[in-house]
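Dear colleague,

I am handing over the structure below, and I would be grateful if you kept it open while reading the notes that follow.

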Amino acid sequence: MDRLVLLVSTGVARGLVVALFALSLVIIWRAARIVNFAQAAMAVVAVYVAFAVQQATGSYVLALLAALVTGALLGVAVERGLMRHVAGRTPLPGMIVAIGLVMVLQSTLGILVGPQHRPMTPVLSQSPLYVGTVPVLSRYDLFVLVVALVVVVGLGLLFNRTTLGLQLRASAVAPEVSRLLGVRVPRMVTVGWMLSCAVAALAVLLLVPTELGLNAHSGDVLFVHAFTVAVLGGLDSPAGALVGGLVVGVLVSLVTGYASAGLAPLAVLALLTVVLLVRPGGIFATREARTA
Amino acid sequence: MTAALAVDGLVVGYAGAPVVDGMTLEIAPGAVVALLGANGAGKTTVLRTLSGLLTPRAGRVLLDGDDLGAVSVEDRSRRGLAQVPEGRSVVAELTVEENLQLGALWRRPGRAERRAAVDEMYGMFEPLARRRASAGHQLSGGERQMLALARALISRPRVLLLDEPSLGLAPRVVAQLFAVLRAAADATGLTVLLAEQNVTSALSIADRGVVLGLGQVVADAPATDLAADPALRHAYLGF
């Protein structure tokens, strides 16, 4: 029982990181109708910058800010420099360019920083806290949980309570009508990329200390999980990304804990297969979103 | 007096077969003009060119005397040229309230002024007030068109372009919608260009009717004359 509590609570913390990353994929999909396969590679570049900042200054807060800013800037660069020029009638060209970008970024990183894993020390302790005698989250997991929740709530408020969010939502689903109402739609697409890539960078930054360390491929598994989650929840649904992330996080944690770490990716793929068989559009997709 | 909206030698479309071919038109401030013509006469093309969605091959569009040639769609809207496009132009994912807020964003700055503007629209369109929290896709056809009109009026435009607002609506709903439109024009001095297939309804609220045929103005007369002249009606409007 104690073990179950530990695994579930750790799974929730990991799941929120997956949810954050999935949310970043949903934001780009809604803004630009592109599944950004380069999201993890871009986020890893931002985290390398954050790593360098932490080494130079010793400050985790500065590193966190550096990851967010670099992520946002990379988002602008990729959208303005690449994606804007391949936007077509179908999402396919953008996806192919994104896959090409993954190769370019990962190879360049490999040349610049080498293949070794660079350990990142977590800002807080990784040993579990106890509620009575039951081990639950570590301090670091708790930190991840709080940061992820703050970002999710913040994004929710931004999209639903501000005029910027109103414009972002409107231009995502009705670009022409939005332009007729005075919304600068291309700028909204850029803002979407900025937000999305900053969130993705944050997710990878939160994840790396709990893994082997920083490497050009540190975001790959996270991307696979988050992509699964985004498809599970429906690419149009922020709520789906959140719930799906938690489900996948807890599933991975339980399978890893009770069976083996090697089985976890299989469990995620099995889940994906079952959901796609039952609801091809995703659990949370609305009819409108599916036909859009 | 400077025309509120002027079109000068407008040519739009592909080489060889322009959809609009040398159209010239001036609309005085505060006038309600019906733009008539058969299917394919170029009404929608004209409106989409005026709002900047299409780029003309030749000719000019002037808003209060200012050439709009280099002005983007977004900036035309912010300058007070509003368009209600054909069909379901309501943002289906947003609520009635959010659609209205979006319409008010640029020309009714400030949270308090926007609130007042939205409430003013609820006063004008009572069915919308009852459905303020409903998403656009939950509305009936009449409610959607009402919302599209309210969302255009809320920005207090100088010129309003409407593309077939009566499409698919019951006659009683069309009559209500057009009555509100006429009242808004009279109350605020709004200039209206109303593209319509529904000739009788359009002429009943218009000051003037302009008939398009093969991309050119083939008739231009006071609405009452156009409605009363059987020869004109028969030749250009087919009834």
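In chain B, strand β1 (residues 5-12) runs antiparallel to β2(B), and 6 bridges join the two; strands here are DSSP runs (E) of at least two residues and helices are DSSP runs (H or I) of at least four, both numbered from the N terminus, and two strands pair if DSSP finds at least two bridges between them. Within this pairing, V12(B) has V20(B) of β2(B) as its bridge partner. Strands of a sheet pair through backbone hydrogen bonds, either parallel or antiparallel.

Before going further, please note that this is a predicted model, in which local features need pLDDT of at least 70 and side-chain atom pairs count only at pLDDT 80 or more, while totals for chains, interfaces and linings use all residues. Residues are numbered from 1 along each chain as its sequence is written, and chains are lettered from A and ligands numbered from 1 in the order in which they are written.

The two strands belong to an open sheet of 4 strands in chain B, with the order β2-β1-β4-β5 and antiparallel pairing. Because β2 (20-27) and β5 (66-67) of chain B each have a single partner strand, they stand at the edges, and one side of each is left without a neighbour in the sheet. Helix α1 (residues 43-50) of chain B lies across β1, β2 and β4 (58-63) of that chain, at about 65° to β2(B), where the angle is taken between N-to-C directions on a scale from 0 to 180 degrees, with axes fitted to C-alpha atoms, for helices over the stretch in contact.

One residue of strand β2 of chain B is E26(B), which counts as partly exposed because it has 15 C-beta neighbours inside 10 Å; a residue is buried with 20 or more other C-beta atoms within 10 Å of its own, exposed with 12 or fewer, and partly exposed in between, the C-beta atoms being placed from the backbone. Leaving aside neighbours within four places in sequence, E26(B) is in contact with A3(B) and A6(B), contact meaning that the C-beta atoms, placed from the backbone, lie within 7 Å. Although E26(B) and A3(B) are 23 residues apart in sequence, their C-alpha atoms are 5.9 Å apart in space. E98(B), by comparison, is found in helix α3 of chain B and is buried, because 21 other C-beta atoms lie within 10 Å.

Taken as a whole, chain B comes to 10 helices and 10 strands, and buried residues make up 47% of its 239 residues. Of the contacts in chain B with a separation of 6 or more, 68% join residues 24 or more positions apart.

Where the chains meet, 20 residues of chain B are in contact with 15 residues of chain A. On the side of chain B that touches chain A, the elements giving two or more residues are α2 (73-78) and α3 (96-104) of chain B.

In chain A, strand β1 (residues 128-131) and strand β2 (residues 134-138) run antiparallel and are joined by 3 bridges, with V131(A) standing opposite V134(A) in β2(A). β1(A) and β2(A) form a hairpin with 2 residues between them, and G132(A) in the turn has a positive phi of about 65°.

Methods. Two residues are in contact if their C-beta atoms, placed from the backbone, lie within 7 Å.
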